[in-house]
Amino acid sequence: RVKIDFASGNIAIVNEVEPDHSGAAHVEDSVGPATINFFKTYWKDDIHPSDSSACLELQPNCVLYEGQSCICDTTVFGSAVFTAVDDSLSIDQIMNDLSIGAVDPATFDAGTYNSLGDCGIQGGVTVY
């Protein structure tokens, strides 16, 4: 789930856990509904839900949280945006199609990602 701050449009991840064998379902505050660990999100045309009615119009699985934010169910899809590099690929197309960031490959163990160089793309791009 995600929590959307009405004032900024920033979001925070909200985890829900299944109860354990004793029936307890403990979630740390940093990833629970009360979280304040928001991060910048880019909204289409910079339009984000900014009040309770906009929150509830997003989808049927959104709820108002303390009048200042909205918590919504999400679905994560993972897939390759580009499967090959062709001569027409430009830095503008890459920036347009890749709208979220990623962890720096250098932070992973050696061999997890392999640099393929710039693959002929001008503008300081490294393909992994």
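Predicted model: local features only at pLDDT ≥ 70, side-chain atom pairs only at ≥ 80, totals over all residues.
I looked up the largest nonpolar core and got eight residues: Val2, Ile4, Phe6, Ile11, Cys55, Cys62, Cys70 and Cys72. By nonpolar core I mean a set of buried Ala, Val, Leu, Ile, Met, Phe, Trp, Tyr and Cys residues joined through side-chain atoms within 4.5 Å. Buried is under 20% relative accessible area, exposed is over 50%, and partly exposed lies in between (1.4 Å probe, protein chains only). S1 and S4 are the elements that give two or more residues to this core. There is also a second, separate core of five residues, including Ile94, Ile121, Val125 and Val127.

Residues are numbered from 1 along each chain as its sequence is written, and side-chain values use heavy atoms, with hydrogens and water left out.

Next I checked Cys55. Leaving aside neighbours within four places in sequence, Cys55 is in contact with Phe6, Pro49, Cys62, Val63, Leu64 and Cys70; contact means heavy atoms within 4.5 Å.

**Sheet**

I traced an open sheet of four strands, in the order S2-S1-S4-S3, with antiparallel pairing. S2 and S3 (62–65) are the edge strands with a single partner each, so one side of each has no neighbour in the sheet. The twist averages 25 degrees from one strand to the next, with axes as lines fitted to C-alpha atoms and angles from 0 to 180 degrees between N-to-C directions.

I then looked at S3 and S4, which pair antiparallel over four bridges. Val63 has Ile71 in S4 as its bridge partner. Pairing here requires at least two DSSP bridges between two strands; strands are DSSP runs (E, at least two residues) and helices are too (H or I, at least four), numbered from the N terminus.

**Salt bridges**

How many salt bridges does the whole structure hold? My search gave two, counting a side-chain nitrogen of Lys or Arg within 4 Å of a carboxyl oxygen of Asp or Glu.

Arg1 meets Glu16 at 2.7 Å, N to O. Arg1 sits before S1 (2–5) and Glu16 in the loop between S2 (11–13) and H1 (52–58), so the pair ties together parts 15 residues apart in sequence.

Arg1 also bridges to Asp73, with the closest N and O atoms 2.9 Å apart. Asp73 is in the loop between S4 (69–72) and H2 (91–97), 72 residues from Arg1. I logged Arg1, Glu16 and Asp73 as one salt-bridge network.

For accessibility, Arg1 is partly exposed at 26%, Asp73 is partly exposed at 33%, and Glu16 is exposed at 59%.
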